[in-house]
Amino acid sequence: MVVPDRGLPARVRIHEVGARDGLQNEKSTVPTEVKAEFVRRLADAGLTTIEATSFVRPEWVPQLADAERLYPLVRDLEGVHLPVLVPNGRGLDRALALGATRVAVFASATESFAKANLNRTLDDSLAVFEPVVARAKAERLHVRGYVSMCFGDPWEGAVPIRQVVRVCGALRDMGCDELSLGDTIGVATPAHVRALLSALGEEGVPADVIGVHFHDTYGQALANTYAALQHGVTTVDASAGGLGGCPYAKSATGNLATEDLLWMLQGLGIDTGVDLGRLVATSAWMASRLGRPSPSRTVRALSHEEQ
Ligand code: HMG
Ligand code: MG
């Protein structure tokens, strides 16, 4: 048995975002039944937090316009949390009507992305989220607060850490149970991750309420994850097969692939409860449905081994 390196957690919770962050960015819209099968297979591989879809304005993300049809097909999966994205009160109404128990609001650390993604100024978007989070908490929902563009922004360049800390503080004050620090365009490096986590720690935000959400544009996602684990973070967002991106952020590529993450965590002796073989088979199946190979190195390596 491998014993985890000193200073690393014994267990990591993977927050799987392939069905949402991955599929929202596909050129073609994946049929609802295929999405449901994807979510079921992810659960079968042992993932217990699977972001299912978004209740956003369908005109903005047509790929997820079937949220009302998809959610009932997967909501009875045993032992699995199925968080959904809600951008406003209308999104929360839709999620509550279907019995969602976990929702996520998604803020930006920059003005430019708040405008591009939510059609609001940063402060106006926070003002929209405040009653959404309050109502979700009153309904006893678990609420995640995403913060995008924590490390860099395609329009504004470098993002000052104090801006990220301010938005994280606002989401915590509203009552978010968990934060997810988004490197939407994948420009972070480990030293920057450490600096942001230290600044949040100094503001009293404990590592156990923080998730990290790395996109892999510059191939840094695993190194960044390692830095976050050393800092006490135990929730890592990843996308099966490395699917993903953001339709409203030019230069955003896929998320850290769940399989690449698992390969590293297994090697470090860190438990996740996820079966790598089953997950690779799921991503290979999804890649065949999408008509292109998975960008995950681990999926490609292990799929070739099988041939
Ligand atoms: P807007 O165009 O300003 O909408 O969009 P509005 O508030 O002016 O409302 C206009 C109409 O839309 C109204 O209908 C509303 O009811 C309707 P009308 O009265 O005219 O008939 N409407 C809705 N309909 C259904 N569901 C809703 C909804 N809201 C309004 N929820 C809005 C503002 C926020 C809605 C829009 O900008 C939006 O949907 N944005 C979502 C964009 C998105 O999903 N981006 C990807 C997710 S974020 C991400 O990927 C980053 C992340 O992965 C982390 C990282 O990597 O950094 C999380
Ligand atoms: Mg993302």
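Predicted model: local features only at pLDDT ≥ 70, side-chain atom pairs only at ≥ 80, totals over all residues.
Residues are numbered from 1 along each chain as its sequence is written, chains are lettered from A and ligands numbered from 1 in the order in which they are written, and side-chain values use heavy atoms, with hydrogens and water left out.

- Helices (H or I, at least four residues) and strands (E, at least two) are DSSP runs, numbered from the N terminus.
- Both Asp21 and His213 are buried; buried means under 20% relative accessible area, exposed over 50%, and partly exposed in between (1.4 Å probe, protein chains only).

**Ligand 1**

- Which residues are closest to ligand 1? They are Arg57, Asn88, Asn117, Ser148 and Thr184, out of 27 residues that surround the ligand; a residue counts as near if one of its heavy atoms lies within 4 Å.
- By class, the shell around ligand 1 holds eleven nonpolar, ten polar and six charged residues. Ala, Val, Leu, Ile, Met, Phe, Trp, Tyr, Cys and Pro count as nonpolar, Asp, Glu, Lys and Arg as charged, and the others, Gly among them, as polar.
- At least two shell residues come from each of α1, α4 (89-97), α5 (111-118) and β6 (142-148). Helix α4 gives the most, with three residues.
- Polar contacts are pairs of N or O atoms within 3.5 Å; within protein, one must be able to donate a hydrogen and the other to accept it, and residues adjacent in sequence count only if both atoms are side-chain atoms.
- An oxygen atom of ligand 1 lies 2.6 Å from a side-chain N or O atom of Ser148, and a polar side-chain atom of Arg57 is 2.7 Å from an oxygen atom of the ligand. On the backbone, an N or O atom of Gly91 lies 3.4 Å from a nitrogen atom of ligand 1.
- Taken alone, ligand 1 exposes 1100 Å², and the protein buries 77% of that; accessible areas come from the Shrake-Rupley method with a 1.4 Å probe, and for residues only the protein chains shown count as cover.

**Salt bridges**

- The whole structure contains 17 salt bridges, each defined as a side-chain nitrogen of Lys or Arg within 4 Å of a carboxyl oxygen of Asp or Glu.
- Glu26 pairs with Arg292, with the closest N and O atoms 2.2 Å apart. Glu26 lies in the loop between α1 (18-22) and α2 (32-44) and Arg292 in the loop between α11 (276-290) and α12 (297-306), so the pair ties together parts that are 266 residues apart in sequence.
- Glu26 is buried at 8% relative accessible area, whereas Arg292 is partly exposed at 35%.
- Lys35 and Asp66 form a salt bridge at 2.9 Å, N to O. Lys35 sits in helix α2 and Asp66 in the loop between β3 (53-54) and α3 (67-74), so the pair ties together parts that are 31 residues apart in sequence. Lys35 and Asp66 are both buried.
- Asp44 and Arg278 meet at 3.7 Å, N to O. This pair links helix α2 with helix α11 across 234 residues, and Arg278 is partly exposed at 43% relative accessible area.
- Arg13, Arg144, Glu178 and Asp237 are joined into one network by salt bridges that share partners.

**Backbone angles**

- Most residues other than glycine have a negative phi.
- Arg140 has a positive phi, near 65°. Arg140 is in the loop between α6 (122-138) and β6 and is exposed, at 76% relative accessibility.
- Met149 also has a positive phi, about 60°. Met149 is in the loop between β6 and β7 (152-153) and is buried, at 0% relative accessibility.
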